[in-house]
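Welcome, and please take a moment to look over the model below before reading on. The paragraphs that follow will walk you through it step by step.

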2 protein chains.
Amino acid sequence: MARNTQVAADHNAPPITQILAEFVATHPSRGWSDAVDHEAHRTFLNWLGCAVGAARHEAADAALAAVRMLEPSPQATVLGRKDRVDMASAALVNGITSHTFDFDDTHLKTIIHPAGPVASAALALAERQRSSGRELLDALVLGIDVSCRVGNMMYPEHYDRGWHITGSTGMLGAAAACARLLRLDARQTQMALGIAASQPVGMREQFGTMTKPFHPGGAARAGLMSALLASQGFTASPKALEAPRGYAQTVSTKNDWSQVTGELGQRFEISFNSYKPFACGIVIHPSIDACVQLREQGVRPEQVERIELKVHSLVLELTGKKEPADGLQAKFSVYHGCAAGLMFGRAAEDEFSDAVVTRSDMVALRRKVVATVDDAIDEASVDVTAVLTDGRRVHVFVKNAIGSIENPMTDALLEGKFHGLSDAVLGADATGKLIEACWDLGEAKDVQALVALAVPR
Amino acid sequence: MARNTQVAADHNAPPITQILAEFVATHPSRGWSDAVDHEAHRTFLNWLGCAVGAARHEAADAALAAVRMLEPSPQATVLGRKDRVDMASAALVNGITSHTFDFDDTHLKTIIHPAGPVASAALALAERQRSSGRELLDALVLGIDVSCRVGNMMYPEHYDRGWHITGSTGMLGAAAACARLLRLDARQTQMALGIAASQPVGMREQFGTMTKPFHPGGAARAGLMSALLASQGFTASPKALEAPRGYAQTVSTKNDWSQVTGELGQRFEISFNSYKPFACGIVIHPSIDACVQLREQGVRPEQVERIELKVHSLVLELTGKKEPADGLQAKFSVYHGCAAGLMFGRAAEDEFSDAVVTRSDMVALRRKVVATVDDAIDEASVDVTAVLTDGRRVHVFVKNAIGSIENPMTDALLEGKFHGLSDAVLGADATGKLIEACWDLGEAKDVQALVALAVPR
């Protein structure tokens with residue numbers, strides 16, 4: 001039994017569990033700029049559209065079938081469906097659907113998809129206890145701040161090691177949001193964060209399976225339950241996040257504590273949130289954008305002999321699937337993304353359907369894409385050249401893809417994306433009303449009215 | 001966004017997810033020796049006594065209060081109480097109570113407490129679907145084999161890094177046991193293990209708080225839900241355990257794959273399970289045993305000037321709390337353990353009550369214990385010398401404490417321990433019947449009869 005392994009430990013970490021708990025429990029309602037508050041609405045809207053859009057996906061069906069084996073009480077709504085389940089299960093299933101299409105928001109500094117865990121937990125609880133829209137938005141801003149600051153602290157080592165950082169930080173944001181909604185005091189909030197700290201969810205190996213979207217769902221559920229436990233007096237270490245054998249030092253070899261504490265309450269990480277115009281991993285977006293631009297410049301698939309792509313190594317590491325067999329695999333194929341951009345001028349969920357992915361003209365076009373790694377090119381950029389059969393070369397360089405912080409989707413584009421996801425589930429009229437309710441969320445006395453609009457007739 | 005961090009990856013791991021899944025799905029019922037099967041009964045009995053004994057602990061009350069906020073269906077029994085909750089919540093709460101007193105079983109090679117996650121998940125599901133006792137025992141043996149083999153593979157690095165290995169491997173054992181009970185085929189079992197692989201629970205910083213026993217409870221819940229999800233077609237990576245960005249390589253830098261595959265189906269890790277005579281962390285047991293022996297040799301507290309303890313460094317790292325303020329902290333105090341052994345000749349749950357811990361004679365006796373690190377001494381051993389006020393020195397060396405593999409508790413001692421835990425909850429007669437039902441579990445047509453005996457009148 002004897003052994004000598006030692007792991008380096010930092011015994012001088014600041015008390016970030018306490019610092020974050022006091023921040024979450026005491027920060028004033030709407031204690032941020034109009035721009036931050038508007039971003040919170042955009043984040044909520046985008047998340048909701050994704051969840052509604054995937055409501056009938058087989059991953060949602062399977063998850064809900066498993067949840068039904070528990071005979072849950074009808075406390076909260078499964079978005080985009082008529083089902084009602086207990087609030088923790090609603091957090092789980094809505095977290096799953098919000099990430100199923102890989103179409104949700106991205107905090108680009110960390111590749112965290114912050115709304116999945118946080119909004120899924122917060123809305124389920126808010127619906128159950130009839131919170132106001134303002135309370136929900138406050139919880140969303142503060143919860144996302146917690147997840148993303150912890151992500152900043154650990155990124156990139158934590159992610160490189162194998163953690164799917166969305167689920168492995170998201171339970172903290174979800175716990176924070178739910179603690180806020182439950183109006184826990186600072187000490188109870190500290191316990192909620194502490195309980196959640198023991199439950200990171202998700203490894204990157206799961207990409208391409210249903211367990212990938214399970215990660216934000218599982219994190220949402222874990223965070224919500226952590227807050228409920230804390231509200232009933234359940235205890236955790238008050239240093240659960242920062243202690244030598246606590247969360248951060250166990251799951252990351254890099255921990256820049258100042259990323260958690262710096263400008264806390266002044267800078268809000270939700271400001272750096274972005275929304276995807278394309279229904280796949282963010283690292284493919286510059287390449288799709290470039291191919292959409294090629295199409296806009298008149299390049300047609302049948303003219304193409306070769307598409308030359310120069311990308312950062314991470315693009316091929318994450319999305320290097322050369323011959324995707326179905327829609328799910330195509331989400332991890334920069335080759336398919338390029339083909340879709342050039343063929344259709346878009347890459348929403350429909351362009352990642354099995355039927356499109358296996359079309360012979362798409363297979364042929366994908367095979368014409370040649371990707372080369374060039375780490376002089378940023379992850380956010382791409383250099384694309386279409387070599388045509390007549391020998392012409394058409395070149396596009398994308399520094400920041402549409403949907404990035406530097407080149408964000410407009411509110412109108414977000415509404416269009418929402419319609420694209422939701423119309424087939426709720427109908428266009430109901431979708432329009434739901435979008436309105438999202439923009440008006442800050443004034444809603446009770447979030448139940450909005451939730452009711454997310455249920456199909 | 002650009003970064004260059006690289007983490008070493010092993011791309012040549014054997015397909016252990018598949019190997020374990022096939023083993024769990026296809027190994028014959030009772031396909032092991034009588035000795036292994038008897039150990040399974042002992043493991044179950046010991047686990048059940050611990051869970052019943054802590055049924056009224058404030059951690060159980062708090063957890064159950066949080067669960068009640070979900071308005072659960074009465075599917076399964078909270079052991080030692082009249083409450084019934086959904087089976088996943090029963091797995092959670094029973095997992096918590098089984099570890100609350102730190103009195104449960106220990107797989108000494110890994111310091112895993114294997115029954116907590118596995119039995120808590122398996123019994124809740126078995127009760128719900130009215131499995132036979134034989135099916136439950138099969139699930140227990142196979143589930144524990146999965147957790148402990150994965151633990152062997154990663155120990156000690158995984159534990160040293162900060163993971164509470166009971167919860168961070170236990171969700172795999174729980175998933176395996178539940179997959180077996182659900183009669184999933186090998187492929188579905190592989191998915192269950194894969195889903196569970198994304199949900200390790202627990203860091204060591206939580207020791208001394210309610211979140212420590214939450215870890216086996218959370219792992220039980222996660223494992224059960226993973227099996228339910230897999231039964232409904234939810235998918236995960238078929239290489240979730242072994243892939244470079246999968247579970248094992250993300251949570252441990254040491255992965256000796258042969259520990260999973262070697263003698264699979266021939267050697268059963270439940271054979272190496274042990275049961276605690278003392279209600280605290282296993283590393284204190286040699287010290288308590290030694291002090292009980294001092295007492296048996298006539299040494300009385302009032303004669304003692306000093307107790308000199310030579311121990312492995314891990315003992316003080318884990319249980320070096322010099323001045324415990326309450327019963328929970330005392331579980332992590334080798335000083336308190338020694339004082340209890342000398343004062344009472346035992347160290348069951350009562351000797352870790354707040355009242356005993358704060359008694360002035362106990363405080364005084366604790367302060368007479370002087371511990372020195374000597375890594376020539378094995379973790380399983382201790383060298384103790386009582387220096388008496390008259391100058392005499394009484395020396396005891398314990399190579400293997402009572403309750404170790406080499407010096408196990410007898411069946412009769414286990415029954416005595418069970419009575420000590422359960423009589424105050426269920427009454428002595430009912431406890432006797434419950435003990436009988438445990439020994440007869442292999443013949444039970446339906447586990448519900450046994451479970452009914454664990455409910456107070």
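Let us begin at a spot where the two chains meet. The side chains of Arg128(A) and Glu71(B) come together in a salt bridge, with 3.2 Å from N to O. Keep in mind as you look that this is a predicted model.

Which parts of chain B supply the side that touches chain A? Helix 3 (58-68), helix 4 (87-100), helix 7 (157-161), helix 9 (186-197), helix 10 (211-231), helix 11 (247-251) and helix 14 (313-319) of chain B each give at least two residues to it. The biggest share comes from helix 10 of chain B, which brings eight residues to the side that touches chain A. Sorted by class, that side of chain B holds 36 nonpolar, 22 polar and 15 charged residues.

Now step back to see the whole interface. The contact draws on 73 residues from chain B and 73 residues from chain A.

With the meeting of the chains in mind, turn to chain A by itself. Chain A is built with 21 helices and eight strands. Its radius of gyration is 22 Å, close to the 23 Å that the globule rule gives for 457 residues, so chain A is as compact as a globular protein of that length. Along the principal axes, the C-alpha atoms of chain A fill a box of roughly 70 × 60 × 45 Å. Of the 457 residues in chain A, 67% count as buried. Contacts also reach across the sequence: among those in chain A between residues at least 6 apart, 77% join residues at least 24 apart.

A salt bridge in chain A shows such a link between distant parts of the chain. Glu127(A) forms a salt bridge with Arg84(A), and their closest N and O atoms are 3.0 Å apart. Glu127(A) sits in helix 5 (residues 115-129) of chain A, while Arg84(A) belongs to strand 2 (residues 84-85) of chain A, 43 residues apart. Arg84(A), in contrast, is partly exposed, with a relative accessible area of 37%.

Chain B has a salt bridge to set beside this one. Arg84(B) pairs with Glu127(B), the closest N and O atoms being 3.0 Å apart. Arg84(B) lies in strand 2 (residues 84-85) of chain B and Glu127(B) in helix 5 (residues 115-129) of chain B, so their pairing ties together parts that are 43 residues apart in sequence. Arg84(B) is partly exposed at a relative accessible area of 38%, whereas Glu127(B) counts as buried at 4% relative accessibility.

Elsewhere in chain A, Arg359(A) and Asp361(A) join their side chains in a salt bridge of 2.9 Å, N to O. Arg359(A) counts as partly exposed at 34% relative accessibility, and Asp361(A) also counts as partly exposed, at 32%. Salt bridges can be connected to one another too: Arg30(A), Asp34(A), Asp37(A), Arg134(A), Asp138(A) and Arg180(A) are linked in a network. Over all chains, the count comes to 57 salt bridges.

Finally, visit two buried residues. Cys280(A) is found in the loop between strand 4 (273-274) and helix 13 (285-296) of chain A, and it is buried, with a relative accessible area of 0%. Leaving out residues up to four places away in sequence, Cys280(A) touches Phe101(A), Asp102(A), His285(A), Ile288(A), Lys331(A) and Phe352(A). Of these contacts, look at Asp102(A): Cys280(A) and Asp102(A) are 178 residues apart in sequence but 4.9 Å apart in space, C-alpha to C-alpha.

The other residue, Ser226(B), lies in helix 10 of chain B. Ser226(B) counts as buried at 0% relative accessibility. Apart from neighbours within four places in sequence, Ser226(B) is in contact with Ala175(B), Ala192(B), Ile195(B), Ala196(B) and Gln199(B).

How values were computed: Residues are numbered from 1 along each chain as its sequence is written. Chains are lettered from A and ligands numbered from 1 in the order in which they are written. This is a predicted model: local features need pLDDT of at least 70, side-chain atom pairs count only at pLDDT 80 or more; totals for chains, interfaces and linings use all residues. Side-chain values use heavy atoms; hydrogens and water are left out. Contact means heavy atoms within 4.5 Å. A salt bridge is a side-chain nitrogen of Lys or Arg within 4 Å of a carboxyl oxygen of Asp or Glu. Helices (H or I, at least four residues) and strands (E, at least two) are DSSP runs, numbered from the N terminus. Ala, Val, Leu, Ile, Met, Phe, Trp, Tyr, Cys and Pro count as nonpolar, Asp, Glu, Lys and Arg as charged, and the others, Gly among them, as polar. The radius of gyration is taken over C-alpha atoms; the globule rule is 2.2 Å times the number of residues to the power 0.38. Buried means under 20% relative accessible area, exposed over 50%, partly exposed in between (1.4 Å probe, protein chains only).
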